[in-house]
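Here's a quick briefing to read alongside the model. Have the structure open as you go through the points.

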Amino acid sequence: MLKRKMGYGLLFLFILIMAAGCAQKPVSESGTNEPNHSGSVQPSNNGGTQVEPNKEEKQTVEVYFADTQVLELEKREVELEFVENDEKYKKTFEALQNNDDTELVSLWEKVELLSVQSAEDTLTLDVHIPDEAKLGSSGELLALEALTTTMFQFDEINQLEVLIDGEALDSLMGHSELEHPIQREP
């Protein structure tokens, strides 16, 4: 009788251990018990530097602001932290908007970034430009130069598509012609 109780006890303990072991198995985002590949590098079709998932990288980038007369651009270096390339491009655009130097003017400060997408060698920025963000013709040209010079510093970007509220308009702010896409100059 004692051997039988010990046998059942061991069987019950074995089942408990197995059940606990199965419960510890990681569940993927899809809800299945597939193996987790969080440590591997995932392929990317956006070209350029591939970043390991969840591994934050740092990079110093150049952003361009106008002088107080809005006649020429001046470069400033900013250090960014990002996980993936689209986040790097978004943070670079945000750096174009944020200027704490009283001697310089951000030409993109009041422009709202709606989305950032990169595919192969093309970066697409969709922006909303409220009336108070619109500049004259020379300011518009300088703003485009600031944007293209800033974004084309990334070797993987050869084309820049700028959409206004999701549309490929003829002009950024109503004065100068806007190419679709803007090509990197050799």
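Let's start in the middle: the largest nonpolar core has 39 residues, and Phe93, Trp108, Leu125, Leu147, Leu160 and Leu172 touch the most other members. Keep in mind that this is a predicted model.

**The core**
- Two or more residues each come from β1, β2, α2 (85–97), β4 (112–119), β5 (122–128), α3 and β6 (159–164).
- Helix α3 gives the most, with six residues.
- Leucine 160 has contacts that include Leu123, Leu125, Leu147, Met151 and Ile182, leaving aside residues up to four places away in sequence.

**Aromatic pairs**
- Searching the whole structure turns up two aromatic pairs.
- In one, the ring centres of tyrosine 89 and phenylalanine 154 are 5.4 Å apart with planes at 65°, so it counts as edge-to-face.
- Tyrosine 89 sits in helix α2 and phenylalanine 154 in the loop between α3 and β6, so this pair ties together parts 65 residues apart in sequence.
- Tyrosine 89 is buried at 0% relative accessible area, and phenylalanine 154 is buried at 2%.
- The other pair is phenylalanine 93 with tryptophan 108: centres 5.6 Å apart, planes at 65°, so edge-to-face too.
- Here helix α2 supplies phenylalanine 93 and the loop between β3 and β4 supplies tryptophan 108, 15 residues apart; both residues are buried.

**The sheet**
- Three strands make an open antiparallel sheet, ordered β2-β1-β3.
- β2 (73–82) and β3 (104–105) are the edge strands, each with a single partner, so one side of each has no neighbour in the sheet.
- Ten bridges join β1 (residues 57–67) to β2, with alanine 66 partnering leucine 73.
- Helix α3 (residues 137–151) packs on the sheet, touching β1 and β2, and its direction makes about 160° with that of β1.

Technical notes. Residues numbered from 1 in each chain as written. Predicted model: local features only at pLDDT ≥ 70, side-chain atom pairs only at ≥ 80, totals over all residues. Heavy atoms only, no water. Pairing = 2+ DSSP bridges. Helix = DSSP H or I, 4+ residues; strand = E, 2+ residues; numbered from the N terminus. Contact = heavy atoms within 4.5 Å. Axes fitted to C-alpha atoms, helices over the stretch in contact; angles between N-to-C directions. Core = buried A, V, L, I, M, F, W, Y, C linked by side-chain atoms within 4.5 Å. Buried < 20%, exposed > 50% of the residue type's maximum accessible area, 1.4 Å probe, protein only. Phe/Tyr/Trp six-rings, centres within 6.5 Å; stacked < 30°, edge-to-face > 60°.
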